[in-house]
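Here's a quick tour of a protein model, from the overall fold down to a few ring contacts. Have the viewer open as you read.

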Amino acid sequence: NFNNNQSLTSWQSEPIVVDQWQGFNVEYRMMMESSKKDYMDGVIFIKFYSNIQDAQKGENHVAIRLSKREDKSKIWDSSKLIGKVPQGVKYATLGFLVTDINVATYFLDKIELYKAEVSEDLGGFKVKKVELDDDILFPNSHGNL
């Protein structure tokens, strides 16, 4: 839980135990002030770790989920970041990051993490696992040529 309402460039929480969680829901409220038209930056993230040592150091994260980049200037934007917790993780950290601190000022009013049951709706599509040849470095580069 984070309630601050002050200008930020970055912030990251202490490790949070997410062992046995199936999914997560991050609710946040932020505002950007920028004179640059159509500027987009500032993201909320959640990083997942398999052990407390990595979580405390911020190293070797198993996965990361990112919110959309904030794109509304001078308007408080409330939004959510929802997803499944990857298998094998025990800890997570929440955070906020700005790429270019010289273009905009950000205010984060709240960021809250909840345990959630999350299901996937693929709209009737069947999804197969992608198998990649170990010798192919960039399978989708150059138009799959």
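## Fold and contacts

A contact here means heavy atoms within 4.5 Å. With that in hand, residues 24 or more positions apart account for 83% of the chain's contacts with a separation of 6 or more. This is a predicted model, so local features need pLDDT of at least 70 and side-chain atom pairs count only at pLDDT 80 or more, while totals for chains, interfaces and linings use all residues. Residues are numbered from 1 along each chain as its sequence is written, and side-chain values use heavy atoms, with hydrogens and water left out.

The chain has one helix and nine strands (DSSP runs numbered from the N terminus: H or I, at least four residues, for helices; E, at least two, for strands). In sequence order the pattern reads β-β-β-β-β-α-β-β-β-β.

## The core

Of the 145 residues, 36% are buried, meaning under 20% relative accessible area with a 1.4 Å probe, protein chains only.

Leaving out residues up to four places away in sequence, Ile44 touches several partners, including Val26, Leu81, Phe96 and Ile111.

## Rings

There are two aromatic pairs (Phe, Tyr or Trp ring centres within 6.5 Å, using the six-membered ring for Trp; planes under 30 degrees apart are stacked, over 60 edge-to-face, the rest tilted). Phe24 and Phe48 make a tilted one, at 5.6 Å centre to centre and 55° between planes. Phe24 is in strand S4 and Phe48 in strand S5, so their pairing ties together parts 24 residues apart in sequence. Both Phe24 and Phe48 are buried.

Definitions and conventions:
Buried < 20%, exposed > 50% of the residue type's maximum accessible area, 1.4 Å probe, protein only.
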